[in-house]
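Biologist: I would like to learn how to read a few features from a structure. Can we go through them one at a time?

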Amino acid sequence: MKQSLYQSSYKDAYNMVFKLAILTSAVVAMAAQDSLVQKQDSLLSKLTQIANSNSGVSFGGIASSGYLGSSEKSGPLKAGSPTSETQAFSEMDLGLMARPTADSRAIFKLRLHQDWQTTYAQGVNPVLFHWASYDGLSMGKTLKFNIGDMRVAYSPLTMWTPQVELLQEPEFFKEMRLKSMDYRNLDTSNGRLMEGANMDYNSGMLGFIDNLQAQGTLARLRNSAKKADEVFFDYDRADEYSVNARVGVDAAGGHLGASYTSAFDRIRSTLELGVNDQDTVNFNDNSVISLQFGYNTKSLFPSADYVLGIGGEYAMSKWTNSKYAGVLTPKVVQTLYQDERVAADGGTDSTAYIVNKATISEVDVHHLGDSTLNGTSLLLNVFGKGNVGELVDYNVKLNYLKSDKKFQSDLAMSPLFVGGQNILNSDATLNLQSGLRSTSLVNNMRSGSLENMYYTVYQSVPLTQQNLFAKSGNAVGATSATETEYYRLYNNYQMVHTYRNGYNNVVLKRGELETLGLDPSVSMALPFGYATPNRSGVDLKADLKFIQAVELNLRYATFSEDSGASKFTDVGAGLGVNVAKLANISSTLNLSGSYQTTSESNGFGRKSTRLMAGIEVGIWKGLSLIGNYQALSREFGTMYVGYDTLPVVNPSTNLPVLDPTTNLPITTISISSLTKTSETLLLVGPRIKITEGSTFTAQYGLMSNKINYISANLPYEIKLDKTLITADVTVNF
Amino acid sequence: MNTGFFPKVSSRGIGMTRLVIASLVLATWAQAAEVQDNEASIQQKVDSLDSKRGLEVGGTIRSVFAHSLFTSKQDVNSLNVTPDQEREEFTQFDLKLGFRPFSDTRANAVIRMAASMQTYFENAAKTVSVPWLNVEGKKGQVFHWVAGDFREEYTPLTLWSPNVDIMYEPTIFKRNRDMARDQVFLQGNQRTLEGINLQYRDGFGEALSEVRAEGLFTRLRRVGFLDASGATGNLLPNESLAGASQSAGMNKYAAAANEEAFAFKKNVMFGATQMAIWDDASSLVRGLTLNQGYVAAGGTDATLMHTYGPLNPFDTLPQHTSIFSFRAGADIAGLADMKGWTLNVSAEYALDNDKIYNNSYTQVYTRVVDSLATALNGGVAVYKNSEIDSVLTDYAGVAYDTVRNALPVTNKILKGSALLAQLEAGYKQSSFSASLNAKYLMNDSAWFNSLAQSPSFFPRRILNSDKDGNTVKYGVNSPLYTTFDALYEFDPKFSPVATDLGNDDNHMKLGQTNSYNIAPYSKNSWTTATLNRKELEIVNSLTDPRVQLSLPNGSATANRTGAVGNLTIGILEDSPIEMQGLFSSLSEMSGTGLVGAKASFTEMGAGAKVDVFKLAGFSLPCELSGSYKTAKRTQGGGELKTDFINASIYTRFQKRFGITAGYQNIGMTLNTVAAATADGLGVGIPLVDGKQWQWMVGLDYTLSSNSWFAINYGMTNVKNTYHSTDSLTAASLENLPDYIIKNPKEWTATTNTIVHEFSLRLIEATINVAF
């Protein structure tokens, strides 16, 4: 049987080589006009087409086996607290692609994860099914459609995922960040992750019109629990839907377009389930209408080695909050029942119908009213890109933004990175002063921004009532585990995938965005991308490349609150040097580094500084040595300040001072505050490239997180150091 | 090394890759970074296209219907209310996928899809799981690596999975055993592990024919909380015994290195192995658990209801074992160039250092008064990190004083050693062959190596296990236990019947047996678990003497010395007539058990297999086989004796259609001394005479040795006689079924015996297709 398999394989290979031979000649023919990059893109797209044009089913994915040991041996750890945490696992992200037609494909992605070694404890180790989509072209390839999971972008003010930009981020860091994002199905595009249907019509040339576009997108953003006893992590009070459309026309290098996006709660989905007495529920309805224009010189000067352009968008948003409440209302109810009665002749065989009236209290849902915010935002940009011979490639862009405080665009604002999670060594318990606000402040920062950005813990563990979010039934406070209705989950027969991850893929609402407590080291000036409300200012981005070997990135931004005192200044520069190319040696030697600082004057008075450096040295064949370093400091200003009422303590006895009249402790107000964190992360290690996309990597890492805080008016500093040892082998197939 | 996927020789060209790369070289004015990114993507795409050729799909489809009807003369009044019947109906599809993006690397996964029959309306009845996952690769023919699931064996004293040997086991039964072992991916004596395995093998001419350097790193256990009352992950649910729960508070790792050199045309061998198995103390985790002692004492303060305690309170001290082994061997027949002869000798000596503690449980709790909080609390003491209170007791029932200091824990290094010498001698010519396999072993009582001793067979109750009630967990000592049931039956997703039927939560709570919750679990005696010292003690106390008497942990069994020999004779070409004989004489090196004397073990057996059709010149098989083995353990004045008879017929009357039949009979007797000194979990009244026999006949349609369709009918009968000199109490009858405990009229005061008889009628239909 194997022999026949190989035979058919060879036959396929022959056909493939034949197709590629034709492609190769096409590439050579184009070479005179297009750059190599364009040719490569074309070849890549044709290879993709070949890969996709086979009808039937194909597999692809990534398999890896690895070890991540994190050891936290310094810091104020409680006695007996575990100091190390280990992930040792095999994982496969298995993609199954089915192609019913040459122009469409259904993609299913399965995640297979096994932790070493739990075979003795393993019930059913499940396969996570995390992506299902059907995508393709129709109507003579003019209509592109996506059904199921999809990523769709309209414009920065309407439907967009603002990305985290880190200048000259070294290789290890970038890979780890992308992997952490991938666990939440996020990628580096600006497409908004949604589930629903998307139709995009592009006419192509119609007379003088280059393209006429019409697009419609429907998605369900949230799903409320439909059963009282089964609520999972991504529950919400109401179903939330999104209806979106846009139209556009391109002609003579210009573009005009209009978009409509919306995100709204389906109020009935909550009301159907009932609202508790005295419970207030808020429902949101957000819609944005935007007009866009753009023009570039490409069609005017097609042979020029530069393109100049201008673009802009003006958006008007409406956000309505509808408030409902459950109110206990007395009601008279009548019940009719049948009873015997004594008849005139003294017999009891006669029947009477008796009305019983009673007053009961029922919860009625009252609509308390709506409040509406209307806001606008204007985004303009000018850009120029091109090259000066082979000496310099440049890409310069200037953006101007003016958005008012009331502007709200859920689908464009929700950030990718939120941070603030405990990722590594979450079982370790810190010995902090109990009962003070500083405890929670420090605990929220113990994993640090770098750890949140680059590390994820992913496990397949037995499902218990502790990792199932149960709405009713009191599992924790019960006197006996058997008394809870979830006892049947208190067994090891079923396992679940769980993870600790600092990224967000949910479309957040205004209330959630306002209380997010975002990491000031990531996009402090524009935390919600260009859709950030209450900003006016400009930013300048310049990327230069000299003789294809030296890259220079420059960033400058200044934004101030449209209403409010805060002013943000962002300055950054990055430099990447391909030393091997400069020195004309065949091996690999890349150096990169960047420095970026953002500060906020007035307002909270925050400041963040990030320094990155990377080196990659080719040693021998596929073996290279990589070193990555990053230092990050965050000053929080007055962002995290809390007050505690504390007893005044006699320092000699360490006992509270009592009021002589009341005999109660005398109290004073004390300040708790998080002032600053300073983090560093160093990763070094070898990498062996087995083939393109398949590698063996070992890393030794040192991560340090110094937290300065004030507790009971006194300054403290703690330092949490982690030693990180990672080894993994990854195979792309 | 076996990953189950990698072919010995790979055949795949790289033509396409070269072609694409060549086309890109033509253009030289590249933009470096983008070009490199694109090159990487293109290379990956080409590799991905190649992988379409490298996809291998295999698997096993298995469908089983089994119906077991339980009857017992002692339960004519149906005192036991659980069902008399158990039906197993399931279909299982192990889909093996091997993705090979290029010739030297592969990613493998087994996706197991399972469904119970007639439960299509129950979504949860259908499961998809990943029991096997790894990536592997090789460099030439000399270096092979695998990360993830793998199987490996070094030697019987170092890395080994001890199996059960049954001489001329009837095919009709053996097939079931193979399926049960395949459930947990057991193959031969290879141990299943998860981690990294490296293997280097290269030759350097005749003088140094082959050098092997191998190494592995594996995590044997990860930190994790497991419900102690569940069937999954626990050897003995709800038992307050060290080793009963396999929940781990610490990560446990093992690393091994194995070096071997084969010289003089591979006729002389030297080898050494170094291994370490250790707990990572820095990963010790404490979890918030219900404080049983406080709740039992009537405590109602919600803040004290849960306390931080070790995830497994009986496994809190870090273990560490190191093992060193040295071995040498020579193929004398090969050195002397004796054609037709086999004559080789080898010997292995192994040492272990195992860290043991005088106290299995320690946990330091300190209670510090938070003076500020206490003052704010009106003077009522508030403790910092209030983990434990003076009214609390731990799992072991120890009450704490105000501050509990560490129990005085001391440890010492226990040193053990094992020796295994083997002789293989044989002669073969066209119409006759004979081979003698003899081994001598001397393993002292301190010898410990869980990677070689953890048995693959831990006898469990399988069919009609609801009938046993709470004692089902004691396996071999459970009232309705039979060796046949434990060896041959399995149920991948069994849902116990609640003893109090009803579908509301109260019934579910009341209807639970103490040892198993109502959650489904996999019933199977075959396991890949690597056990720690305490767990191994429990498993060894529950071995089945009928099949595991003298060497329950294989050749690495501790506290044994003696010799084992096996002679096989084949007559005529391709041995249509084959005979086997075995003899073993072993004894303990130091006394054990209640008697305290050294036990000695003797085994003798003989068997034969004749292919009648082959003798008559037909191409189809008609195999008749049979064997008899008697085994004896004597200790002090006690004697335990077992007799095991196997008889089998297997014939095919057409190319694929055949008839199989098998008969097995096992008798076990204990004399009064042995019975009186029987110890072990779940033994109330000792068994003095156990007889069990089973027969089964069936029709089968066989495609290959791993693919068949069979319908079988059979019966198992058991007659167990229990005897005690003590007075009869319910507690002393704990290993008898509830219908006898409720109605012990069988007890005869004059003989102090109870005879318990029961039988199972079995109908089995199996489809097993491996492709």
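This is a predicted model: local features need pLDDT of at least 70, side-chain atom pairs count only at pLDDT 80 or more; totals for chains, interfaces and linings use all residues.

Biologist: Where does B:Asn532 lie in chain B?

Modeller: In a loop of chain B, between strand E19 (521-523) and helix H11 (533-541).

Biologist: Which backbone nitrogens does the side chain of B:Asn532 reach?

Modeller: There are two entries to read. The B:Asn532 side chain reaches the backbone nitrogen of B:Lys534 at 3.2 Å. It also reaches the backbone nitrogen of B:Glu535, at 2.9 Å.

Biologist: Which residues does B:Asn532 touch, not counting those up to four places away in sequence?

Modeller: B:Arg221, B:Lys252, B:Asp315, B:Gln319 and B:Phe448.

Biologist: Next, aromatic rings. How is a pair of aromatic rings described?

Modeller: By two values: the distance of the centres and the angle of the planes. Over all chains, the structure holds 29 aromatic pairs. One of them joins B:Trp341 and B:Tyr427. The centres are 4.7 Å apart, with 50 degrees between the planes, and the pair is tilted.

Biologist: Why does the pair of B:Trp341 and B:Tyr427 tie together parts that are apart in sequence?

Modeller: Because the two residues lie in separate elements of chain B: B:Trp341 in strand E13 (residues 341-357), B:Tyr427 in strand E16 (residues 411-429). The parts tied together are 86 residues apart in sequence. B:Trp341 is partly exposed, with a relative accessible area of 47%. B:Tyr427 is partly exposed as well, at 27%.

Biologist: What geometry do B:Phe657 and B:Tyr701 show as an aromatic pair?

Modeller: Edge-to-face, with 5.0 Å centre to centre and 65 degrees between the planes. This pair links distant parts of the chain, 44 residues apart. B:Phe657 is in strand E25 (residues 657-670) of chain B, and B:Tyr701 is in strand E26 (residues 687-704) of chain B.

Biologist: How do B:Phe657 and B:Tyr701 count, buried or partly exposed?

Modeller: B:Phe657 counts as partly exposed at 36% relative accessibility. B:Tyr701 counts as partly exposed at 31%.

Biologist: Which residues form one aromatic cluster with A:Tyr67?

Modeller: B:Phe217, B:Tyr253 and B:Trp278.

Biologist: How many helices and strands does chain A have?

Modeller: Nine helices and 27 strands. Chain A has 733 residues, of which 49% count as buried. Take contacts in chain A between residues at least 6 apart in sequence: 68% join residues at least 24 apart. The accessible surface of chain A is about 33,700 Å², and 58% of it belongs to carbon and sulfur atoms.

Biologist: Last, strand pairing. In what sense do strands E21 and E25 of chain A pair?

Modeller: Antiparallel. Strand E21 (residues 623-635) and strand E25 (residues 667-691) of chain A pair over 13 bridges. Here A:Gly627 stands opposite A:Val684. Strand E22 (residues 641-647) of chain A also pairs with E25(A) in the antiparallel sense, over seven bridges. There, A:Leu646 has A:Thr668 as its bridge partner.

Biologist: Over how many bridges do E25(A) and strand E26 of chain A pair?

Modeller: Over 15 bridges, in the antiparallel sense, with E26 covering residues 694-711. A:Lys689 stands opposite A:Thr695 in E26(A). The hairpin of E25(A) and E26(A) has two residues between the strands, and A:Gly693 takes a positive phi near 85 degrees in it.

Key:
Residues are numbered from 1 along each chain as its sequence is written. Chains are lettered from A and ligands numbered from 1 in the order in which they are written. Side-chain values use heavy atoms; hydrogens and water are left out. Helices (H or I, at least four residues) and strands (E, at least two) are DSSP runs, numbered from the N terminus. A polar contact is a pair of N or O atoms within 3.5 Å; within protein, one must be able to donate a hydrogen and the other to accept it, and residues adjacent in sequence count only if both atoms are side-chain atoms. Contact means heavy atoms within 4.5 Å. Rings of Phe, Tyr and Trp (its six-membered ring) pair if their centres lie within 6.5 Å; planes under 30 degrees apart count as stacked, over 60 as edge-to-face and the rest as tilted. Buried means under 20% relative accessible area, exposed over 50%, partly exposed in between (1.4 Å probe, protein chains only). Accessible areas come from the Shrake-Rupley method with a 1.4 Å probe; for residues, only the protein chains shown count as cover. Two strands pair if DSSP finds at least two bridges between them.
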